Amino acid sequence: MIFKTTLALFSVFIISCGPMQNQPAGNENNSSEMEAKKMIAEGYLAGKIIYSNLKDDCEYTIQLESGERGIYYVDPVNLKEKFKQENQAVWVKYNGLRQMNRCNKAIPVEVTSIVNRTE
C-alpha cells in the first residue's frame, strides 16, 4: 500500500514538472513579466519614444518612469532612425551627458543600448 501511494505521488510530481510548451495559452503575461524582470536585472529601463514638432522642443525624447521620480524624459542625442517612431515601446540603457539641454523637458543622454519592448 505504501509503495502504491509513493508511486502515485511521485507520478503526479513528475507530470506537474513537465515542459512549459504543453501549458495552455494565456501565459503571455508571464512571459512579458519574465522579460521585464530579466531586462531590469540587466540594467535596462522601460521607456516609450515620444515625438514632438513643437518649437524649442526636442524632436524625439524617451519617456521613462521611475518609482520615486515619477515620469521623466531624456533626450537621446544618438537615437538611431529605426527607433524614431511615436509611442514605440523600448528598453534602454544610457549615460548622462555633461552638455547644455537642447530642450526644457529632457536631459541629454547618450544611448548605450536600446531594444524594442513587447507590451
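Me: Of the 13 residues in the largest nonpolar core, which touch the most other members?

Reply: A general idea comes first: in soluble globular proteins, nonpolar side chains tend to be buried together. A nonpolar core is here a set of buried Ala, Val, Leu, Ile, Met, Phe, Trp, Tyr and Cys residues joined through side-chain atoms within 4.5 Å. In this structure, I62 and I114 touch the most other members of the largest core, which has 13 residues. Strands β2, β3 (70–76), β4 (89–96) and β5 (106–116) each supply at least two residues of this core. Leaving out residues up to four places away in sequence, I114 touches I62, L79, F83, V90, W91 and V92, where contact means heavy atoms within 4.5 Å.

Me: What kind of model is this, and how are its residues numbered?

Reply: This is a predicted model, in which local features need pLDDT of at least 70 and side-chain atom pairs count only at pLDDT 80 or more, while totals for chains, interfaces and linings use all residues. Residues are numbered from 1 along each chain as its sequence is written, and side-chain values use heavy atoms, with hydrogens and water left out.

Me: How many helices and strands are in the protein chain?

Reply: Helices (H or I, at least four residues) and strands (E, at least two) are DSSP runs, numbered from the N terminus. The protein chain has two helices and five strands, and along the sequence they follow the pattern α-α-β-β-β-β-β. Of the contacts with a separation of 6 or more, 55% are between residues 24 or more positions apart.

Me: How much of the protein chain counts as buried?

Reply: A residue is buried under 20% relative accessible area, exposed over 50%, and partly exposed in between (1.4 Å probe, protein chains only). By that rule, 25% of the 119 residues count as buried. The chain exposes about 9,000 Å², of which carbon and sulfur atoms supply 54%; such areas come from the Shrake-Rupley method with a 1.4 Å probe, and for residues only the protein chains shown count as cover.

Me: Where is I49 found, and which residues is it in contact with?

Reply: I49 is found in strand β1 (residues 45–51). Its relative accessibility is 0%, so I49 counts as buried. Beyond its neighbours within four places in sequence, I49 is in contact with several residues, including Y60, T61, I62 and E86. I49 and E86 are 37 residues apart in sequence, yet their C-alpha atoms are 5.6 Å apart in space.

Me: Is T61 buried or exposed?

Reply: T61 is buried, with a relative accessible area of 0%. T61 has its place in strand β2 (residues 60–66). Not counting residues up to four places away in sequence, T61 touches K48, I49, I50, Y73, V74, P76, K105 and A106.

Me: Which cysteines form a disulfide?

Reply: A disulfide is a covalent bond between the sulfur atoms of two cysteines. The rule applied here asks for a pair of cysteine sulfur atoms within 2.5 Å, and the count comes to one disulfide. The pair is C58 and C103, with sulfur atoms 1.8 Å apart. C58 lies in the loop between β1 and β2 and C103 in the loop between β4 and β5, so the pair ties together parts that are 45 residues apart in sequence. The torsion about the S-S bond of C58 and C103 is about -90°, so the disulfide is left-handed. Both C58 and C103 are buried.

Me: Which residues other than glycine have a positive phi?

Reply: Most residues other than glycine have a negative phi. Two cases with a positive value are D56, with phi near 65°, and N87, with phi near 65°. D56 lies in the loop between β1 and β2 and is exposed, with a relative accessible area of 62%. N87 is in the loop between β3 and β4 and is partly exposed, at 43%.

Me: How many aromatic pairs does the structure hold?

Reply: Rings of Phe, Tyr and Trp (its six-membered ring) pair if their centres lie within 6.5 Å; planes under 30 degrees apart count as stacked, over 60 as edge-to-face and the rest as tilted. The structure holds one aromatic pair. Y51 and Y60 form this tilted pair, 5.2 Å centre to centre with 55° between the planes. Y51 is partly exposed at 35% relative accessibility, whereas Y60 is buried at 17%.
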